[in-house]
Amino acid sequence: MIFTLLGPLEVHFDGELDLPSATKIRWTLAQLLLRANQVVDRSAIIDELWGEQPPRSALTTAQTYIYQLRKRYRSRFSGPFITTRAPGYVLHADPSEIDTFVFERLTEEGGAALVAGDAVRAADRLRAALALWRGPVLSDIPAGPVLTPYITHLDEIRMRALRMRTLADAHLGRYRELIPELRFLTHAHPYDEWLHEQLIVALHAVGRRADALETYQRLQRTLDRELGIEPSQPLHQLHHDVLVGVARPRSAEHLLQSLP
């Protein structure tokens, strides 16, 4: 892989880091990479870099950034790296060389395997997808109005991949391994009933009924105090089933349908 955006922006060639030092040049590169092999409008680049009040020199400066990127990387590619195509520019790259594209492909493969009932492949594909993340998307770039929706989109896919991988691991009976991660996630997302449901099921599955009940009660208190609501009917039923000792996880198909 050459271009990595799931964390700080990095560009690797032959195992060496080769990245422009100027923030706005990296910023421009990030926009082109997220839409690799598609036209990125000059106006979008200007909006991202300077917002609603760009300087008069914005167009010339943006063109200079494109020139510098071409100059920096042209010797690394046998074909064109960035070409001009109205109304902007196209960065040419194999999707397998950009981690965001690889992440989405692996997530799709994992989801398809889960739907097909192949939990082993699903867990492997989804774990590989999540392992590509080194931190927040483009954490060293001050994202503006153009990049922010892309970042939000990737964050949402990451959360869905995490949920699907949780389902795959649970289907494989890996409850003990899931508990620490689910504890962290429920603290990070205190209103997320789906994650709490998975933690309760995992705790009960390994014989920790008291901890499972305490997890439900903590969620109930949080929802009541912060939102003035009660847990949903599925969680209420799960709490009852744990109390009487008959809790069973919902089917994988049902849980897939219930994914937020």
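Helices (H or I, at least four residues) and strands (E, at least two) are DSSP runs, numbered from the N terminus. The structure is a predicted model, in which local features need pLDDT of at least 70 and side-chain atom pairs count only at pLDDT 80 or more, while totals for chains, interfaces and linings use all residues. Residues are numbered from 1 along each chain as its sequence is written, and side-chain values use heavy atoms, with hydrogens and water left out.

Tyr191 sits in the loop between helix H7 (175-188) and helix H8 (193-205). Its relative accessibility is 41%, so Tyr191 counts as partly exposed; buried means under 20% relative accessible area, exposed means over 50%, and partly exposed lies in between (1.4 Å probe, protein chains only). Together with Leu227 and Ile229, Tyr191 makes a nonpolar surface patch of about 280 Å². Patches are built from residues with over 30% relative accessible area and no salt bridge, with like charges joined within 9 Å and nonpolar side chains (Val, Leu, Ile, Met, Phe, Trp, Tyr) within 5 Å. The accessible areas come from the Shrake-Rupley method with a 1.4 Å probe, and for residues only the protein chains shown count as cover.

Helix H7 also holds Arg183, which is partly exposed at a relative accessible area of 25%. Leaving aside neighbours within four places in sequence, Arg183 is in contact (heavy atoms within 4.5 Å) with Leu199, Leu203, Arg208 and Asp211. The C-alpha atoms of Arg183 and Arg160 are separated by 17 Å, the two residues being 23 apart along the chain.

The interior comes next. In soluble globular proteins, nonpolar side chains tend to be buried together. The largest nonpolar core has 81 residues, of which Phe3, Leu29, Leu91 and Leu138 touch the most other members. Helix H6 (residues 147-171) gives the largest share of this core, eleven residues. Such a core is a set of buried Ala, Val, Leu, Ile, Met, Phe, Trp, Tyr and Cys residues joined through side-chain atoms within 4.5 Å. Not counting residues up to four places away in sequence, Leu138 touches Leu5, Gly7, Leu9, Ala30, Leu34 and Leu147.

Asp18, in the loop between strand E3 (16-17) and helix H1 (23-34), is buried, with a relative accessible area of 12%. The side chains of Asp18 and Arg72 are joined by a polar contact of 2.9 Å. A polar contact is a pair of N or O atoms within 3.5 Å; within protein, one must be able to donate a hydrogen and the other to accept it, and residues adjacent in sequence count only if both atoms are side-chain atoms. Beyond four places in sequence, Asp18 is in contact with Val11, Phe13, Arg72, Tyr73 and Arg76.

The whole structure contains 16 salt bridges, each a side-chain nitrogen of Lys or Arg within 4 Å of a carboxyl oxygen of Asp or Glu. In one of them, the closest N and O atoms of Glu109 and Arg125 are 3.3 Å apart. Glu109 lies in helix H4 (residues 99-115) and Arg125 in helix H5 (residues 119-131), so this pair ties together parts that are 16 residues apart in sequence. Glu109 is partly exposed at 24%, and Arg125 is partly exposed at 25%.

Arg165 and Asp169 also form a salt bridge, with the closest N and O atoms 2.9 Å apart. Both lie in helix H6, four residues apart, about one turn of the helix, and both are buried. Glu214 and Arg221 meet in a salt bridge of 3.8 Å, N to O. Salt bridges that share partners join Arg127, Arg165, Asp169, Arg174 and Glu181 into one network.
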